[in-house]
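These are my notebook entries on a single model. I recorded what I looked up, one topic at a time.

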Amino acid sequence: MKFPLSYILLTLLLACSSIVHAKPKTEALTAEEQMRLDYYLYAALQASERNEHARAYFMLELCYAIDPANPTVCSMRGAYIQSLFGKEQALPLLRTAYEGSPDDYWLRYAVTAYETGHKNTAMQVLKTMRKRNPKDIDVLELYEHIYLKEGKLKQALASRDAIDKLTGEATEQSVITRFNILREAGKRAEAFRVLDNYLQRDPNNGRIRAIRQEHAYSEATAKGNAAEARELLNQLLDNADIPLQRKIYYVTNCKERAGYTPADIRAMLGELREQYPYEQQIYQAMFDFEQNDMHNPTGALEIGRTMLTMNPTDATLREQIANLMREDSTVTVEEVGAFIDESYAVLPDNPKWGYFKALRCWQQGDEDSTLAVLSHALLHAEEPMVKLELLLLSGDLHGHLKHYDQALQAYEEALKLAPEHTILLNNYAWTLAISGGDLKKAEKLSQRTITKDATNPTYLDTYAWILHLQGENNMALFYIKRAMEYVRQDDGTIAEHYQQIEQSILQNK
């Protein structure tokens with residue numbers, strides 16, 4: 001049995017409680033203690049790099065017992081404590097690490113303090129580090145981050161100014177950050193001017209140009225300026241630095257935002273396919289558009305078929321295509337059968353396709369292949385509902401072939417998954433009855449079906465016949481008459497049972 005990391009670490013934490021609560025040492029370490037500490041710390045670092053976290057944590061506990069004030073030990077141990085119990089519990093260890101070596105461990109302590117609501121502590125650490133290292137960009141960036149979270153845009157902008165002054169020239173990331181701060185502050189014109197100034201220096205910077213175009217497009221659509229939005233959208237689609245997924249997003253949402261028609265959207269998706277002929281996500285977008293927006297199963301099927309050539313083992317896509325085939329009146333039975341054969345050939349261990357393949361083999365009259373496919377599918381069925389359908393089909397087929405032991409075994413196993421499944425209950429009861437099985441059990445199973453569905457003629461017929469087999473012909477006649485009342489079309493089996501039950505009553509008079 002596998003245990004999660006948190007369980008392992010918690011167990012170790014409890015096991016090492018005597019070590020954790022060792023009293024802090026006040027005197028210097030002996031040479032032997034220092035050697036042991038170095039060995040354990042090195043082992044902890046190596047284990048952590050190999051993702052052997054339980055061993056790393058145990059080694060850190062040994063380190064902590066030797067020197068509870070060691071900054072590196074406290075920082076690493078604090079990280080593990082944080083992953084197990086949360087940031088608040090880790091804070092004392094991170095503070096010890098910071099106090100022991102401020103330049104190395106201030107950042108994690110300040111961030112954790114701020115995130116746990118100790119804002120004054122975090123700001124004091126920042127103030128101290130600003131004095132110690134006035135040119136430390138990390139300090140200024142954390143100031144900027146905190147100011148942004150608190151909506152203090154003026155202070156955030158001042159921090160960004162200080163960062164740019166230290167670096168000498170605004171970088172791409174700095175420009176993006178400044179742009180976002182200014183837009184957040186409502187200074188739209190100034191924000192776009194920042195991007196434009198950078199583009200004057202670096203006109204080929206695709207990332208900055210993409211941000212400029214995307215925000216301009218969003219503003220144009222928000223204002224209802226369709227003409228400008230269309231022009232900007234064309235620029236977005238031509239920009240190679242904008243990810244395909246973003247382009248798809250803009251195209252599939254432009255009906256509401258820029259007044260495009262479905263035909264326009266279909267054409268733009270087609271143009272994107274020309275640009276990205278080997279990217280499955282554009283085909284997926286076209287597939288979804290034809291299926292969900294255009295309600296065009298024929299068009300979606302054509303695209304889906306192309307997608308399968310790129311990824312023939314995509315089980316989800318194959319299920320979607322199967323559903324579309326049912327909706328498309330132009331698809332023939334032969335095409336459906338061929339698709340089932342193809343899907344099972346590439347996904348032989350997929351129990352859903354095993355189910356369809358078994359039905360197809362049965363329709364073709366190949367009983368041996370039917371049972372072999374079903375047996376194989378059941379070996380791989382983990383999802384309860386899929387396994388239930390396979391067991392039900394297995395029971396029905398074995399029953400039809402008069403393999404009654406196998407049929408009853410399949411029904412019994414299925415009943416554990418769905419005790420109130422009426423079709424299962426009915427078929428199980430019927431098979432018990434015709435195979436000379438336990439009629440009392442069959443009666444109880446059948447009775448549950450008519451309790452749930454009192455107007456189903458098939459269930460009423462099964463119950464009536466089980467009563468007849470037990471010699472309770474008067475009750476059987478009552479239920480077979482009800483079955484005759486509710487049947488919607490001539491049913492030879494029900495009519496035959498009605499005659500036999502009536503004949504039995506007459507013979508017994």
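**Entry 1: helix α18 and the residue after it**

I began at the end of α18, which is followed by H295, a residue whose phi is positive, near 50 degrees. I note here that the model is a predicted one. Most residues other than glycine have a negative phi. H295 is not a glycine, yet its phi is near 50 degrees. I located H295 in the loop between α18 (280-293) and α19 (297-310).

Is H295 buried or exposed? I found a relative accessible area of 62% for H295, and because exposed means over 50%, H295 counts as exposed.

I then turned to α18 itself. This helix has 14 residues and reaches 19 Å from its first C-alpha to its last, which is close to the 20 Å expected at 1.5 Å a residue. I listed its buried residues as I282, Y283, A285, M286, F287, F289 and E290. I also looked up what covers them: the cover includes α15 (244-252), α17 (262-275), α19 and α20 (315-327).

**Entry 2: helix α24 and the residue after it**

I next examined α24 (residues 384-400), which has 17 residues. From first C-alpha to last, α24 reaches 24 Å, close to the 24 Å expected at 1.5 Å a residue. Its buried residues are V386, L388, L390, L391, L392, L393, S394, G395, L397, H398 and G399. I noted that the cover over these buried residues of α24 includes α22 (351-363), α23 (367-380), α25 (404-417) and α26 (422-434).

Which residue with a positive phi follows α24? I found K402, with phi near 65 degrees. K402 is not a glycine, although its phi is positive. I placed K402 in the loop between α24 and α25. K402 is exposed, with a relative accessible area of 61%.

H398 is found in helix α24, and its relative accessible area is 12%, so H398 is buried. Leaving aside neighbours within four places in sequence, I found H398 in contact with L371, H403, Y404, Q406 and A407.

**Entry 3: how α25 meets α26**

Two packed helices are described by the angle between their axes and the distance between the axes. I looked up both for α25 and α26: the axes come within 10 Å and cross at roughly 150 degrees. Why do I call the pair roughly antiparallel? Angles over 145 degrees count as roughly antiparallel, and therefore α25 is roughly antiparallel to α26. The crossing of α25 and α26 is left-handed.

I wrote down the residues that make this contact. On α25 they are Y404, A407, L408, Y411, E412, A414 and L415. On α26 they are L424, L425, N427, Y428, T431, L432 and I434. By class, the contact of α25 with α26 holds 11 nonpolar residues, two polar and one charged.

**Entry 4: how α3 meets α5**

The crossing of α3 past α5 is left-handed. From α3, the contact uses L37, L41, A44, L45 and S48; from α5, it uses T72, V73, M76 and Y80.

How many residues of each class does the contact of α3 with α5 have? I found seven nonpolar, two polar and no charged residues.

**Entry 5: D461 and I480**

D461 is found in helix α28 (residues 457-469), and I480 has its place in helix α29 (residues 473-486). D461 is buried, with a relative accessible area of 7%. I480 is also buried, with a relative accessible area of 0%.

What does D461 touch, not counting residues up to four places away in sequence? I found I480, A483, T493, I494 and H497. On the same terms, I480 touches D461, A464, I494, H497, Y498 and I501.

I also looked up two C-alpha distances. D461 and L424 are 37 residues apart in sequence and 15 Å apart in space. I480 and R448, 32 residues apart along the chain, are separated by 17 Å.

Note on methods. Residues numbered from 1 in each chain as written. Predicted model: local features only at pLDDT ≥ 70, side-chain atom pairs only at ≥ 80, totals over all residues. Heavy atoms only, no water. Left-handed = near helix turned anticlockwise from the far one by under 90°. Helix = DSSP H or I, 4+ residues; strand = E, 2+ residues; numbered from the N terminus. Contact = heavy atoms within 4.5 Å. Nonpolar A, V, L, I, M, F, W, Y, C, P; charged D, E, K, R; others polar. Expected span 1.5 Å × (residues − 1). Buried < 20%, exposed > 50% of the residue type's maximum accessible area, 1.4 Å probe, protein only. Axes fitted to C-alpha atoms, helices over the stretch in contact; angles between N-to-C directions. Parallel < 35°, antiparallel > 145°, perpendicular 65-115°, else oblique.
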